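Subject: Structure for your files

Hello,

Here is the structure I said I would pass on. Please open it first; my notes follow below.

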Amino acid sequence: MSSVTTDKQAAALDPAIARAIKNIADEAPEQETTDGFHLVIDALKLNGIDTIFGLPGIPITDLTRMAQAEGMRVISFRHEQHAGNAAAAAGFLTQKPGICLTVSAPGFLNGLTALANATTNCFPMILISGSSEREIVDLQQGDYEEMDQLAIAKPLCKAAFRVLHAQDIGVGIARAIRAALSGRPGGVYLDLPAKLFSQTMEAAAGKASLIKVVDPAPRQIPAADAVKRALDLLKGAKRPLILLGKGAAYAQADADIRALVEKSGIPYLPMSMAKGLLPDTHEQSAAAARSYVLQEADVVLLVGARLNWLLSHGKGKTWGAEKGAKKFIQIDIAPTEIDSNVAIEAPVIGDIGSCVSALLAGMGSNWAKPPAEWTGAIAERKDKNLSKMAQTLAARPSPMNFHSALAVIREQVRQRPDAMFVNEGANTLDFARSIVDMYEPRKRLDVGTWGIMGIGMGFSVAAAVVTGKPVIAVEGDSAFGFSGMEVETICRYNLPVCVIVFNNNGVYRGTDVNSSGTPDVAPTVFVKNARYDKLMEAFGGVGVHATTADELQKALAEAVASGRPTLINAVIDETAGTESGRITSLNPATAKKK
Ligand code: ADP
Ligand code: TPW
C-alpha cells in the first residue's frame with residue numbers, strides 16, 4: 001500500500017503536476033505496511049509477553065495464527081474461562097499480565113468470570129476480546145455476536161479500554177499493561193473491534209507508534225514515619241505474629257521476607273497461596289497452632305494479606321475477641337485496604353519489597369526476639385497437633401479417606417518440592433491445604449479469595465507452560481467437573497500435568513438421598529463409581545484407577561517422573577466429606593443448626 005497522492009486527487013491538480021506526481025507514484029517502491037493484527041502482536045512482544053491463552057473464532061482466528069507465526073506461544077483452550085484462569089495464574093507467577101484472547105459476546109462473557117476472579121485475587125491479566133462493529137452495536141441493530149462489551153467489563157475489572165484506530169494500538173496495550181501491573185495488580189479488559197485488525201498503516205509509523213512500558217510496577221517506598229510507627233508497635237509486642245498472604249508471594253521479595261521472619265524471630269502463619277514462601281517445616285511456622293496464635297497474638301503484622309472472610313474479618317471468636325483488642329500492622333500497596341474491617345494501628349503503604357526491606361533496616365542489629373513464653377507455648381501446641389496429625393496420616397483405611405490419600409501426595413511433594421501444586425474442592429481443598437507442606441514460593445495455586453471452583457485445569461496448564469515443572473492437581477470430583485474438558489488441552493500440548501480426582505461420588509460427599517420420593521437423585525450426588533481416568537485415556541494420556549494408597553503412590557510417582565499427562569481416579573470413601581468442608585459456618589442451613 002502507498003501513501004502517495006491518489007489518482008483522483010492528482011487529477012484535481014494542474015495536469016502537468018498531476019502527471020509528474022503520477023510518474024513518481026508509479027516509480028516509487030511499494031511502501032511496507034502493517035496492520036492491526038501485527039501491531040497487536042508486536043506491541044505484546046515489545047513488552048516481553050510471549051504467550052497467549054485463548055480460544056479462536058471471528059474476529060480473532062487470524063490473530064492466533066499470526067501470533068504463532070510470529071513466534072508467540074498460543075495455547076488454545078476448549079472454553080474461555082479456563083484460558084482466562086490460565087492467564088491469571090501466569091500473571092501471578094511471572095509478574096507480567098497473562099493474556100487471554102477471546103471472540104466477542106459469548107466468548108467474552110466466558111472469559112469474564114476469570115477476569116473478575118483475577119481482579120479479586122489481585123492477579124494481573126488482560127482479557128483481549130474481539131468485538132462487533134461499534135456503529136451497529138451502539139444502535140443495537142443486531143450484529144453478529146453483538147454486545148457492548150466494554151460497558152459490561154468495566155465494573156468487573158480494574159480498568160477497561162477500547163482501541164478504534166490502528167495507530168492507537170501501542171497506547172492501548174501500554175495502558176492495559178500498566179493498569180494490570182501498577183499499584184494493586186488486577187484484571188484489565190481490552191476491547192478490539194473486528195475492523196481494527198484489518199486497518200493498515202505504514203510499517204515504520206506503526207513501529208514508531210508502539211510503546212515499551214518503562215517500569216510498569218514502580219516501587220512505592222513507604223514513609224519513614226510509617227515504618228517507625230510499625231516497628232515501635234512490633235517492639236512492644238509480647239505475643240507478635242506475622243501473617244503472610246498471596247500478595248507477599250506475588251511480590252517476589254522472598255529473601256527479604258524470609259530475613260524479616262528469621263531476624264525478628266516472630267512466629268508466622270502463611271495464607272494458603274503464601275505457603276512455601278518459607279518452607280512449611282520452618283520452625284517459626286505456627287500453622288499447626290493456627291487457632292491458638294490467632295486468638296492469643298497481641299500484635300499482628302499483615303504482609304500482603306487482607307482481613308477478609310478468609311481471616312474472619314479480623315474479629316470475633318477466631319481472633320479471641322473476648323481477650324482484648326489486637327493491634328494490627330498492615331503492609332499493603334493499596335491505601336484503601338487499610339481499616340476495611342478493623343482499625344489498623346500501623347499502616348505501611350508501599351510495595352512489599354520496599355516495605356519489608358525498610359522494616360529490616362529499621363530493626364537494626366540487636367532486635368529482641370519475642371518472649372520464650374510465647375514461642376514456647378506455640379511450640380508445645382504445634383508438637384501436640386503434629387504428632388496427632390502424623391498418627392492420622394499413618395492410617396491406611398480401605399477405601400481411602402482424604403487423609404490417607406493426601407499422605408501419599410504430601411510425601412511426593414516433599415520429594416519434588418519444585419513441582420507445582422494446584423488444588424480445588426471443599427474437603428479436598430481444606431485437608432490438602434493443611435496436610436501437604438510446600439517448600440518453595442509460588443508453588444501452590446488454589447481457589448483464592450472467592451473460593452471459586454473451576455480454576456483447576458486452567459491453572460494447571462499455566463503452571464506447566466510458565467514453569468516447565470511437573471504439576472500435581474488435587475481436585476474434588478465436583479471441582480474437577482468445572483474444567484474437566486481441558487484434559488484434552490493438557491494432552492494436546494503434552495503437558496506434565498498429573499490430575500488426581502478425589503472421587504467420593506458427589507459435591508462434598510456421595511451419600512445424600514432425595515427424601516421427597518421423586519426419582520431424581522439428591523442435588524449433591526453424581527453417578528456412582530465414575531471413571532474419570534477414562535477421560536484422560538480418551539485423548540491419549542495415562543488413566544489410572546486407584547483404590548488404595550499404594551496404587552495412588554505408584555501412579556503419582558510414575559506421572560511425576562515421566563511428565564506424561566495423567567489422571568488418577570482416586571476412590572475416596574463417599575461418607576468422608578463434610579458439607580462445605582471447613583466453612584460450614586457460612587452455610588445458612590448448617591449455621592442455623594449450630
Ligand atoms: P490472602 O488471600 O493470601 O490473604 P489477599 O489476596 O487477601 O491475600 O491479599 C493480598 C494483598 O496484597 C492485597 O491487599 C494487595 O493489595 C496486596 N498486594 C499485592 N501485591 C502487592 C505488592 N507488590 N506490594 C504490596 N502489596 C501487594
Ligand atoms: C463457581 C460451590 C464449593 S465447593 C464445591 C462447590 C460446588 C464442590 C465440592 O465438592 P468436591 O470436593 O469438589 O467434590 P469435596 O472434597 O468436598 O468432595 N460454583 C462455583 N464456585 C463454588 N465455590 C461453588 C459453585 C462449591
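**A residue between buried and exposed**

At 36% relative accessibility, Q252 counts as partly exposed; buried means under 20% relative accessible area, exposed over 50%, and partly exposed in between, with a 1.4 Å probe and protein chains only. Q252 sits in the loop between α13 (246–250) and α14 (254–264). Helices (H or I, at least four residues) and strands (E, at least two) are DSSP runs, numbered from the N terminus. The phi of Q252 is near 55 degrees, a positive value in a residue other than glycine.

This is a predicted model, in which local features need pLDDT of at least 70 and side-chain atom pairs count only at pLDDT 80 or more, while totals for chains, interfaces and linings use all residues. Residues are numbered from 1 along each chain as its sequence is written, chains are lettered from A and ligands numbered from 1 in the order in which they are written, and side-chain values use heavy atoms, with hydrogens and water left out.

**Other backbone points**

C122 also has a positive phi, near 60 degrees, and is not a glycine. C122 lies in the loop between α6 (105–121) and β5 (125–131) and is buried, with a relative accessible area of 14%. Most residues other than glycine have a negative phi, and most peptide bonds are trans.

Which residues does a cis peptide bond join, with omega about 5 degrees? They are I58 and P59, and P59 is in the loop between β2 (51–54) and α4 (61–69). Another cis peptide bond joins S398 and P399, with omega about -5 degrees. P399 is found in the loop between α17 (372–394) and α18 (402–415).

**The chain and its cores**

The chain has 25 helices and 19 strands. Its radius of gyration, taken over C-alpha atoms, is 27 Å, close to the 25 Å that the globule rule (2.2 Å times the number of residues to the power 0.38) gives for 594 residues, so the chain is as compact as a globular protein of that length. Buried residues make up 54% of the 594 residues.

A nonpolar core is a set of buried Ala, Val, Leu, Ile, Met, Phe, Trp, Tyr and Cys residues joined through side-chain atoms within 4.5 Å. The largest has 127 residues, of which F53 and L445 touch the most other members. Apart from it lies another core, of 33 residues, among them I409, V413, M438 and I472.

Regards
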